[in-house]
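Please read the report below alongside the sequence and the coordinates. It moves from the whole chain to a few neighbouring elements.

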Amino acid sequence: MRDSVKLSSGRSYLAIPGPSVMPDQVLQAMHRASPNIYAGELVDMTNTLPGDLRRVARTEHHVAIYIANGHGAWEAALSNTLQAGDKVLVPASGRFAFGWSEMAEALGIEIEVLDFGMQAPFDMDRVAERLRADTTHQIKAVLGVHVDTSTSIRNDISALRDAMDAAGHPALLMADCIASLGCDRFEMDAWGVDVMVTGCQKGLMVPAGISFVFFNDKAAEARSGLARVSRYWDWVPRAHPEWFYQFFGGTAPTHHLYGLRAALDLIHAEGIEQVWARHEILAHAIWAACDAWSEGGALAMNVADPGLRSHAVTALRLPSPRATDLRSWLEENLGLTLGIGLGMADPNTPEWHGFFRLGHMGHVNGHMIMGLLGGIDAGLKALDLPHGRGALDAASNVLSGAHSD
Ligand SMILES: *Cc1c(COP(=O)(O)O)cnc(C)c1O
């Protein structure tokens, strides 16, 4: 009987690491007629956004908004600070470091990748050593992905700044916080980050379509030193518009701005410190369940050391093709969608089917995480995948505060 009945009708749950679950408040804010884009409410509302974005990024400096996904913000950050022939150093702990460096390469920038594999964070000693060897300061920027969404490694960006300072190197520190902003603690100014890029569809809970580049005065100076910057990507008018039109170099992304306003209201009503703490506890509940499943089973978290894991995404392994089987079963039978193992193996290879990821970023709470874990628990049973018992008990212990893990 159970086999012939699907249990997927009802509210579906997209538990992938971006796009994330959208709050009703964001959806409702976007459900409206087109506003006047020259004067009035939209213009006034948009003027409130930079200040509240800065509070999320923990910076006093500048922010430019682009009608683009995260890839656009990557290109914008590079286009405003570097030119063809410049060199960048890219420590890598996952696919997204390579993605950003490939974008730099396409702009004629010379890239040097320090690859730390798919299970380890940046080795700061090696970064410092490489920078020390660059006595003529050919390296103009260090590109660091804070949370690499492919592996769920969280890099210590503050320690990356320390490594650069220890080497006495003047390169710009540029951070990709597309997965981490609004989930994992990030302090742009206190950590000495010169440029930070992020998108809107992960911790910021808005549908994909706008992205952000934050930059300080040192980065602004690098921009001034460039012979030419693409008119569209130039951050100067966007961050310091003399009239509204310059914010976006064209028609404003009206509905995304309303959605963003609603999302920022939610974040600041909760408080950014509390938002980070919520993500931390929910992540610990997920890991407690994964630890239980792992015992005597084949499931394994990609990152062994909890101190190196992001609170926004968890990458997991199951022997191929069981990861894909599990994802398919959950989507078809329970209305629950898990993330693919992006970047962990090439698509069209058997290995591809041995990885999956859980997104737990943004608009997620305790009962959603218990639903996510309960679904996976049922899937492991339905597919007869060997796994340890007690995962839900372990997770609810974390949520209850009985064991703080
Ligand atoms: C999602 C993501 C990107 C890419 O963002 P898009 O909006 O898909 O272009 C880049 N870096 C990281 C760390 C991400 O998580």
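This is a predicted model: local features need pLDDT of at least 70, side-chain atom pairs count only at pLDDT 80 or more; totals for chains, interfaces and linings use all residues.

Residues are numbered from 1 along each chain as its sequence is written, and side-chain values use heavy atoms, with hydrogens and water left out.

**Whole protein**

The protein contains 13 helices and 14 strands; helices (H or I, at least four residues) and strands (E, at least two) are DSSP runs, numbered from the N terminus. Along the principal axes, the C-alpha atoms fill a box of roughly 70 × 55 × 40 Å. The radius of gyration is 22 Å, which agrees with the value near 22 Å for a compact globule of 405 residues. That radius is taken over C-alpha atoms, and the globule rule is 2.2 Å times the number of residues to the power 0.38.

Of the 405 residues, 56% count as buried, where buried means under 20% relative accessible area, exposed over 50%, and partly exposed in between (1.4 Å probe, protein chains only). The protein exposes about 16400 Å², and carbon and sulfur atoms supply 51% of that area. Accessible areas come from the Shrake-Rupley method with a 1.4 Å probe; for residues, only the protein chains shown count as cover. Among contacts with a separation of 6 or more, 72% join residues 24 or more positions apart; contact means heavy atoms within 4.5 Å.

| Strands | Sense | Bridges |
|---|---|---|
| β5 (residues 139-145) and β8 | parallel | five bridges |
| β8 and β9 (residues 195-199) | parallel | three bridges |
| β9 and β10 (residues 211-215) | antiparallel | five bridges |

Strand β8 covers residues 172-176, and five of its five residues are buried, so β8 is largely enclosed by the rest of the structure. Leu172, Met174 and Asp176 point one way from β8, Leu173 and Ala175 point the other way, and all are buried. Alanine 175 of β8 stands opposite glycine 144 and also opposite methionine 196 in β9. Methionine 174 stands opposite valine 195 in β9.

Five of the five residues of β9 are likewise buried, so β9 is largely enclosed by the rest of the structure. Val195, Val197 and Gly199 lie on one side of β9, with Met196 and Thr198 on the other, and both faces are covered. Valine 197 has valine 213 in β10 as its bridge partner.

Leucine 172 lies in β8 and counts as buried, at 5% relative accessibility. The C-alpha atoms of leucine 172 and valine 195 are separated by 7.6 Å, with the two residues 23 residues apart along the chain. Leaving aside residues up to four places away in sequence, leucine 172 touches several residues, among them Thr81, Lys140, Val142, Met164, Asp194 and Ala222.

Glutamine 201 is found in the loop between β9 and β10. Glutamine 201 counts as buried because its relative accessibility is 11%. With residues up to four places away in sequence not counted, glutamine 201 touches Gly18, Pro19, Ser20, Val206, Pro207 and Ala208.

Note on methods
Two strands pair if DSSP finds at least two bridges between them.
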